[in-house]
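The sequence and the model are shown first.

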Amino acid sequence: MKALVYEGPGKKALREVEKPEIIKDSDAIVRLVKTTICGTDLHILSGDVPAVKEGTILGHEGVGIVEEVGSGVKNFKPGDKVIISCITSCGSCHYCKQSLYAHCEDGGWILGHLINGTQAEYVRIPHADNSLYHIPKGISDQAAVLISDILPTGFEIGVLNGQVKPGDTVAIIGAGPIGMSALITSQFYSPGKIIMIDLDDNRLEASKKFGATDTVNSQNAESAIQQILELTDGRGVDVAIEAAGFPSTFDICQKILAPGGHLANAGVHGKPVELELQNLWIRNVTITTGLVSTSSTPMLLKTLSSGKIKVEELITHAFKFENILDAYDTFQNASKEKALKVIIDFE
């Protein structure tokens, strides 16, 4: 089968590899129908995730058809169309029993990280009963792919960790797929103002369509901070969601928090940040970090089924799998290409 393989920092290749096989009774083999590229994949290629070994197939999102299941799999059968969760969970370990599936003792974020992932024609899914989801009627394959990772990540790590409340002023730094997902799902709680902050004017303009009330270009960080403070009458924001993963974006977040505010870090960081604790300790702020557990996936599936949110509009480009290297080029040059989320089709 063909797969996109990580070959070290800055290097990847589409090549032939062996098709995966059932290893444990709880495994399923899924034939991919659609996958996508995540900002985390770009961080891997930048060398920010050293646990990824050369030869690993990238990708942790997708929709596919179950081809084979182990003897212990009860909830799925060959022929089922499924959503592949970015998080693998056994459902019974210490952390799974706390719904902290991100830290499953035999799973967590392993696809495209510690084991082969979804940017391939076939993928092996451990603990299939807890790591796959049936696609409800009324949800398109395109929308289903976005449930794999970005929608639950933006919601759980951004909105829920940030404790967004009615009337809050929310700032989201990073108008990529995760930031846009946080923008969409923060509106479940009726915040009073949502400020989207990014370097890319195209993405800022797009964010208005998804509910941003204000936008700020952060090319000049000091000017951006001043604009945000002016938008909040000098008080700062109630919630700052960091959705980019850079020291400069984290710094903006910690400088715009109002007393009692929440800084929810959703970005993938490969370098240290400077924490201004000497300024923050007296302001009663809360800082959270996190890797998505996808515990919200069942609720988000119901919300999508109801038609309350239209996540398909986040998709800006589609490519055939044989052109996945072109898809990476587009995603890596998002500003030039006006790209948000790219979809990779296998059919």
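## Cysteines

Cys 86 is buried, with a relative accessible area of 2%, where buried means under 20% relative accessible area, exposed over 50% and partly exposed in between, for a 1.4 Å probe and protein chains only. The model is a predicted one, in which local features need pLDDT of at least 70 and side-chain atom pairs count only at pLDDT 80 or more, while totals for chains, interfaces and linings use all residues. Residues are numbered from 1 along each chain as its sequence is written, and side-chain values use heavy atoms, with hydrogens and water left out.

The structure holds zero disulfides, a disulfide being a pair of cysteine sulfur atoms within 2.5 Å. Cys 38 is in no disulfide, and the nearest cysteine sulfur to its own, that of Cys 86, is 8.0 Å away. Seen from Cys 86, the closest cysteine sulfur is that of Cys 38, and the 8.0 Å between them is too far for a bond. Cys 38 is also buried, with a relative accessible area of 3%.

## Overall fold

The chain has twelve helices and 15 strands, which are DSSP runs (H or I, at least four residues, for helices; E, at least two, for strands) numbered from the N terminus. Its radius of gyration is 20 Å, close to the 20 Å that the globule rule gives for 347 residues, so the chain is as compact as a globular protein of that length; the radius is taken over C-alpha atoms, and the rule is 2.2 Å times the number of residues to the power 0.38. The C-alpha trace spans about 60 × 40 × 40 Å along its principal axes, and buried residues make up 54% of the 347 residues.

In the UniProt record, an unreviewed entry, the annotation "domain: Enoyl reductase (ER)" covers residues 39-344; UniProt positions are given in the numbering used here, feature names are shortened, and annotations may be inferred rather than shown by experiment. Over residues 39-344 the chain is 31% helix and 20% strand, with the end C-alpha atoms 15 Å apart.

Thr 88 lies in the loop between strand 5 and strand 6 and is buried, with a relative accessible area of 0%. Leaving aside neighbours within four places in sequence, its contacts (heavy atoms within 4.5 Å) include Tyr 101, Cys 104, Pro 126 and His 127.

## Helices 4 and 10

Helix 4 is mostly covered, eleven of its 13 residues being buried; among them are Ile 150, Phe 155, Glu 156 and Val 159. The elements that cover these buried residues include helix 3, helix 5, strand 11 (237-242), strand 12 (257-265), helix 10 and strand 15 (341-345). Helix 4 is followed by Gln 163, whose phi is positive, near 55°.

In helix 10 (residues 297-305), Thr 297, Leu 300, Leu 301, Thr 303 and Leu 304 are buried. They lie on the same side of helix 10 because they cover an arc of only 160° around the axis, the arc being that of the directions from the helix axis to the C-beta atoms. Their cover includes strand 5 (81-84), strand 7 (132-134), helix 3 (141-147), helix 4 (150-162) and helix 5 (177-186). Just after helix 10, Gly 307 takes a positive phi of about 80°.
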